[in-house]
Amino acid sequence: MNNQDGSLNPLSEPGNLPESEMVVKLKKRDWALSAFSEATAALARAESLDLLIKEVCSAIATQGPYILAWVGKAENDLNKTIRVLGGAGSAIDYVDNIAVSWSETNITGNGPAGSCIRENKPIVVIDSELDDGFVAWRELARKYSIRSAIGCPIQGVDQPFGCLLVYSKLPNAFGLEEVVLFQSLAKEIGFGLQSIDRQHILDDQIHKKEIAQEQLSDALKAIIEAMARTMEWRDPYTAGHQKRVALIATAIARKLGWNNEPVQALYMAAMVHDIGKVAVPSEILTKPTRLSDLEMKMVQEHAETGYQILKDIPFPWPIAEWVRQHHERLDGSGYPWGLKGDQICLEARILAVADTIEAMATHRPYRAARGLITAMQEIRSEAGLLLDPQVVDAAFQLMDAEGTLEQLIASK
Ligand SMILES: [Fe+2]
């Protein structure tokens, strides 16, 4: 039944066997079936190439007479080396001491490993003592009690990946049924490796995308801050105003239990909430005396102008709308629309409280700073009338939190 090279032609096994041979055949099949089922279970669990190989080989090499299983990778180097990726079994040291290749012209390429890759079919060594193709490893195999072996090719996406080698301490351990089982297992290993590869590529792409998104988000934040600074050059009295409002607003949002993403969105809106003031003449913005009705109307236009400036920027959040509403008040006395209660979005209600605190607590061209205490008294008196009472409560919690609000007001 052997081929010329001493390896088995798996399709030539006799059909009618005496009873004792039948028992051996059934035993061999049971060992192979156990190895197959244990190894496929291990395949399903494996999350990395190393783990896959280790677990599959361990599953095989603990069954019946199998004393070694290893997986090799067919390298495309000059010598067509087969690199051992991992293995398991009592004869594992054998693998460390052998040189194998899939080169046709090298003796190291004529064993079951090299031949199965080259010929893309299972190769069986029925008896290592007799197989001519195994002569290069015979001596060493004897030392590790190896008597028979099978090499099955593992396919890559469009080229051979490598091979699965299984060794037995018994001669003739790999009959037709065992060959079919180990061949199927090698195919499954190939699919498993490809799926891990795909997962790694996918993970890599996701990671790169996350980095790009982070960079974009940082860039957006930096642009927003640059816009805020540009605007404030025209109006030194309110320099830092937007930044402080942003810090207070986000601290309030956190007190309200918001998570990071909406907090960051609110930060950006706060950083440009007065951007519409670019359209207001700077002599009006910095006028130390009371504004005329017309001048006041021009200043109030900044909410709508801010919306017009921001509305076409594709922010992931409706920042332009929040900016437009930051002077709206609960009782409808605000501008530009005179919205009431819940008609005003929560983000704008937070901006309103933060803006009021900051404006009152700090210096203005037309009046000195009134201080934080006065500002907090003011927002308390306006809670439920002009300002959202829950937002005001959150601001007071900040006040109680070891001077958090004082620090935010003092920041430049
Ligand atoms: Fe404003």
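**A note on two helix pairs and the overall layout**

1. H2 covers residues 49-61 and H6 covers residues 176-233; they pack at an angle of about 160°, their axes 10 Å apart. Axes are lines fitted to C-alpha atoms, for helices over the stretch in contact, and angles run from 0 to 180 degrees between N-to-C directions. Helices (H or I, at least four residues) and strands (E, at least two) are DSSP runs, numbered from the N terminus.

2. Before you read on, please keep in mind that this is a predicted model, where local features need pLDDT of at least 70, side-chain atom pairs count only at pLDDT 80 or more, and totals for chains, interfaces and linings use all residues. Residues are numbered from 1 along each chain as its sequence is written.

3. Which residues of H2 and H6 make the contact? On H2 they are Leu49, Leu52 and Val56, and on H6 they are Ile189, Gly192, Leu193 and Ile196 (in contact means that the C-beta atoms, placed from the backbone, lie within 7 Å). By class, six are nonpolar, one is polar and none is charged (Ala, Val, Leu, Ile, Met, Phe, Trp, Tyr, Cys and Pro count as nonpolar, Asp, Glu, Lys and Arg as charged, and the others, Gly among them, as polar).

4. Now look at H7 (residues 241-255) and H12 (residues 346-361), whose axes come within 8 Å and cross at roughly 130°. That angle makes H7 oblique to H12. From H7, His241, Arg244, Val245, Ile248, Ala249, Ile252 and Ala253 meet Ile350, Leu351, Val353, Ala354, Asp355, Ile357 and Glu358 of H12. This contact has 10 nonpolar, one polar and three charged residues.

5. Stepping back, the protein chain has 15 helices and six strands. Its radius of gyration is 38 Å, well over the 22 Å that the globule rule gives for 412 residues, so the chain is more spread out than a compact globule (the radius is taken over C-alpha atoms, and the rule is 2.2 Å times the number of residues to the power 0.38). Along the principal axes, the C-alpha atoms fill a box of roughly 115 × 40 × 35 Å.

6. Two loops deserve a look. The peptide bond from tyrosine 335 to proline 336 is cis, with omega near 5°, and proline 336 sits in the loop between H11 (319-324) and H12. Serine 145 is not a glycine, yet has a positive phi of about 60°; its place is the loop between helix H5 (138-143) and strand E5 (148-155).

Terms used: Two residues are in contact if their C-beta atoms, placed from the backbone, lie within 7 Å. Angles under 35 degrees count as roughly parallel, over 145 as roughly antiparallel, 65 to 115 as roughly perpendicular and the rest as oblique.
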